[in-house]
Amino acid sequence: MESETSPEHLRQELAKLRLELEILQREKLDLEIMVENITEHADAIEVELRARNQDVQELNERLALANKELEQLASVDGLTGIANRRRFDMTLEREWQRLIRDQKPFSLILGDIDYFKRYNDTYGHQAGDECLQKVCQACHSCAKRASDLAARYGGEEIAVILPDTDSIGAMYIAQEIRQRIRQLNIKHDASPIGNLISMSLGVATITPHTQLKPNVLINQADMALYRAKQNGRNRIVLFHKSL
């Protein structure tokens, strides 16, 4: 029997070890190739993920912009470019609730272009639209604070919301509106009260509280506007209980 320490036995053990070493080396090489492939794929996946994240970010930005444009379309009057009735109603309610808490005065101006139907009949509807645009922008320019809002209330009627504003401040802004409209120098030869476009304005001021609704302020401004028309137009009337 051959000894376990004989040269032949050692040669066999050495050959076996060499074979095992060769197998391990091949496995190591395979693993290195696999790791290298995984690394390459990971880099590619990372690049792809970055591209996808960029796409998602750009899509979110486009979506936010579209939402903003949609919100603007829903709150801006298409003809005049100022706030529409929907935004007026929302702003009036929001500011009313805030001023209930703050217990500060809330003023509203309602204005109506004098004899606007006659203007349309005389100069045509396109000229009427252009006139309305200029008048609305003039009113908008007088709503200077972030909380103020000029809105097209309906037809040729314009409303100006003035939170934290007493009757003296509201009358001052109403006078400024009349002056801005006069400075437009829009001819109105069909008007029986002058040859330029003018506006009648009603002003009302309330300190909101829980027992009142915002439509009370609207009704008071509307009553003052009616009295301004009744008294000859092209004037400002401040609401008081004797109206």
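Which side chains meet in a salt bridge with N to O at 3.2 Å? They are those of Asp89 and Arg85. The model is predicted, so local features need pLDDT of at least 70 and side-chain atom pairs pLDDT 80 or more, while totals for chains, interfaces and linings use all residues. Residues are numbered from 1 along each chain as its sequence is written, and side-chain values use heavy atoms, without hydrogens and water.

A salt bridge places a side-chain nitrogen of Lys or Arg within 4 Å of a carboxyl oxygen of Asp or Glu. The count comes to 11. Asp89 and Arg85 lie 4 residues apart in helix H2 (residues 85-102), so about one helical turn separates them. Helices (H or I, at least four residues) and strands (E, at least two) are DSSP runs, numbered from the N terminus. Asp102 pairs likewise with Arg98, at 3.3 Å between the closest N and O atoms.

Lys229 and Asp112 form a salt bridge at 2.3 Å, N to O. This pair links distant parts of the chain, helix H6 (residues 214-230) and strand E1, 117 residues apart. Asp112 is buried, at 9% relative accessibility. Buried means under 20% relative accessible area, exposed over 50% and partly exposed in between (1.4 Å probe, protein chains only).

Helix H3 (residues 116-123) has the buried residues Phe116, Tyr119 and Asn120. They lie on the same side of H3, because they cover an arc of only 95° around the axis, taken from the directions from the helix axis to the C-beta atoms. The face turned away carries the exposed Lys117 and Asp121. Gly124 follows H3, with a positive phi near 95°.
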